[in-house]
Amino acid sequence: MFAAGLIGKAAGLVGSGLVGAAAYDGVKRVVRSGAVRGAAVTVTSWGLRGARAAETGAERARLATADIVSEARAKIGEEAPVPGAAHVHDHDH
């Protein structure tokens, strides 16, 4: 009885070891093939495209906001400051 239990446990350990070794060899094969690197490059290119699209959208929003502010200043008779000029308060609060 004791020997049968011991043989059963040993067979289980050998089986799990073989499965682990096969999985390890499979992972090594995939890494060597360059598939992981190719996938990483593809995902990174998608990320760069998304970032550029977001930057373009943000720039459009910034320009639209600047146009609205400029038009509002013109409507109340205030001159828009020259881009890059220092902001000076010339009125009382």
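The ground rules are quick to state. Because the model is predicted, local features need pLDDT of at least 70 and side-chain atom pairs count only at pLDDT 80 or more, while totals for chains, interfaces and linings use all residues. Residues are numbered from 1 along each chain as its sequence is written, and side-chain values use heavy atoms, with hydrogens and water left out.

The fold is simple to list: 2 helices and 0 strands, taken as DSSP runs numbered from the N terminus (H or I, at least four residues, for helices; E, at least two, for strands). Helix α1 covers residues 2-33, and helix α2 covers residues 35-75. With 41 residues, α2 reaches 60 Å from its first C-alpha to its last, close to the 60 Å expected at 1.5 Å a residue; that expected span is 1.5 Å times one less than the number of residues. Just after α2, glycine 77 takes a positive phi of about 85°.

As for burial, 0% of the 93 residues in the chain are buried (buried is under 20% relative accessible area, exposed over 50%, partly exposed in between, using a 1.4 Å probe and protein chains only). The chain exposes about 8400 Å², and carbon and sulfur atoms supply 66% of that area. These areas come from the Shrake-Rupley method with a 1.4 Å probe, and for residues only the protein chains shown count as cover.

Part of that surface is a nonpolar patch of about 340 Å², made by Val27, Val30, Val31 and Val36. Patch members have over 30% relative accessible area and no salt bridge; nonpolar side chains (Val, Leu, Ile, Met, Phe, Trp, Tyr) are joined within 5 Å, and like charges within 9 Å. Helix α1 gives the patch its largest share, 3 residues. Valine 27 sits in α1 and counts as exposed because its relative accessibility is 51%.

The whole structure holds 2 salt bridges, each a side-chain nitrogen of Lys or Arg within 4 Å of a carboxyl oxygen of Asp or Glu. In one, glutamate 59 pairs with arginine 62, with the closest N and O atoms 2.8 Å apart. An α-helix has 3.6 residues a turn, so residues three or four places apart point the same way. Both ends are partly exposed, glutamate 59 at 36% relative accessibility and arginine 62 at 47%. Glutamate 78 also forms a salt bridge, with arginine 73, and here the closest N and O atoms are 3.5 Å apart. Glutamate 78 is partly exposed at 42%, as is arginine 73 at 25%.

Threonine 44 also belongs to α2 and is partly exposed, at 48% relative accessibility. A polar atom of its side chain lies 2.8 Å from the backbone oxygen of alanine 40.

Definitions and conventions: Polar contact = N/O pair within 3.5 Å; in protein donor to acceptor, adjacent residues only side chain to side chain.
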